[in-house]
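Subject: Structure handover and findings

Hello,

Here is the structure we talked about. Please open it first, then read the notes below it.

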Amino acid sequence: MTTAPSRRIFTASGLVSLSSLALASCGSAADPAPPTPSAPDAAPATSAAADGAAATGPTSTGEPLPTATTIATASESSATGADALWVETGSAQAASDAASLLVTGVRTGTHEDYDRVVVDLSGEGTPGWRADWVADAGTQGKGDPIQPSGDHILRIFGTGARMPSTAEEIASVQKTLSAEVGMPAIASVYYDPTVEAQYQLVLGTTSRSYRIFALNSPTRLVVDVKHP
């Protein structure tokens, strides 16, 4: 099946508004997107090609991220993550022991039956998460209100993450992102950078059915929200 081109919303500026965001391809077999992802993977672990994460952005620690004008497309397979269960309640899975993962990008994309957000990671271990539906959300640390568009708010804490340790990493990845993506199931995406081994995703959605799973080669965390 064909998906819209995937888009990368990780940018080199601080707070990114809809007009300044660049969405890069989600990859292939694993991530769908308004451009589209590349290479196929298997549910909780597959290759970058399946997810499409490897199709456009660098994944190694310290590499600069694409600029806000970078847009790439790739093909994607709906088989990726097929074994992950769709749920409507909270969900959680622990990161692997001693996981130390640096967020290197955030991408969005849409498929025939669901929309997808992919968090690209580099480093050691398998990512974990805690997700729940909330009435209100706030930033990590300060607790400033996050007000996503959409009918529901899905809050996800990605675990097993590490803080950037070099000036280049800080400049490239320690950024807050906010985008109105306007997809069928995901209306908006807010990314709150890593604090004390976790980062936060806040999704404004029109549906309450979702699934989350990890993929490898390269490592990434995938969030799918089913179309209403």
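Start with strand β8, where Arg130 is the bridge partner of Ala92. (Two strands pair if DSSP finds at least two bridges between them.)

Some ground rules. This is a predicted model, in which local features need pLDDT of at least 70 and side-chain atom pairs count only at pLDDT 80 or more, while totals for chains, interfaces and linings use all residues. Residues are numbered from 1 along each chain as its sequence is written, and side-chain values use heavy atoms, with hydrogens and water left out.

Strand β8

β8 also pairs with β11, in the antiparallel sense, over seven bridges. Within that pairing, Asp132 has Arg155 in β11 as its bridge partner. Five of the seven residues of β8 are buried, so the strand is largely enclosed by the rest of the structure. (Buried means under 20% relative accessible area, exposed over 50%, and partly exposed in between, with a 1.4 Å probe and protein chains only.)

Salt bridges

Which residue forms a salt bridge with Asp132? Arg155 does, with the closest N and O atoms 2.8 Å apart. (A salt bridge is a side-chain nitrogen of Lys or Arg within 4 Å of a carboxyl oxygen of Asp or Glu.) This pair links distant parts of the chain: Asp132 is in strand β8 (residues 128-134), Arg155 in strand β11 (residues 152-159), and 23 residues separate them. Asp132 is partly exposed, at a relative accessible area of 24%.

The count by this rule is five salt bridges. Another one joins the side chains of Asp120 and Arg107, at 2.7 Å from N to O. This pair also links distant parts of the chain, with Asp120 in strand β7 (residues 114-124) and Arg107 in strand β6 (residues 100-110), 13 residues apart. Both Asp120 and Arg107 are buried.

Arg162 and Glu169 form a further salt bridge, with their closest N and O atoms 3.0 Å apart. Glu169 is buried, with a relative accessible area of 3%. There is also a network: salt bridges that share partners join Arg116, Arg211 and Asp224.

Aromatic contacts

Three aromatic pairs are counted. (Rings of Phe, Tyr and Trp, the last by its six-membered ring, pair if their centres lie within 6.5 Å; planes under 30 degrees apart count as stacked, over 60 as edge-to-face and the rest as tilted.) Trp133 and Tyr210 have ring centres 5.7 Å apart and planes at 80 degrees, so the pair is edge-to-face. Trp133 sits in strand β8 and Tyr210 in strand β15 (residues 210-215), 77 residues apart. Trp133 counts as buried at 15% relative accessibility. Tyr210 is buried too, at 0%.

Two charges over rings are worth a look. The charged end of Arg211 sits over the ring of Tyr114, 5.0 Å from its centre. Lys226 lies over the face of Trp86, at 4.6 Å from the ring centre. (The rule: NZ of Lys or CZ of Arg within 6 Å of the ring centre and within 35 degrees of the ring normal.)

Strand β15

Are the residues of β15 buried or exposed? Six of the six are buried, so β15 is largely enclosed by the rest of the structure. Tyr210, Ile212 and Ala214 point one way from β15, while Arg211, Phe213 and Leu215 point the other way. Six bridges join β15 to strand β16 (residues 220-226), and the two run antiparallel. Ala214 stands opposite Leu221 in β16. The two strands form a hairpin with four residues between them, and Ser217 in the turn has a positive phi of about 55 degrees.

One more position

Ile146 is in strand β10 (residues 145-146). Ile146 is buried, with a relative accessible area of 7%. Ile146 and Asp192 are 46 residues apart in sequence and 9.9 Å apart in space, C-alpha to C-alpha.

Best wishes
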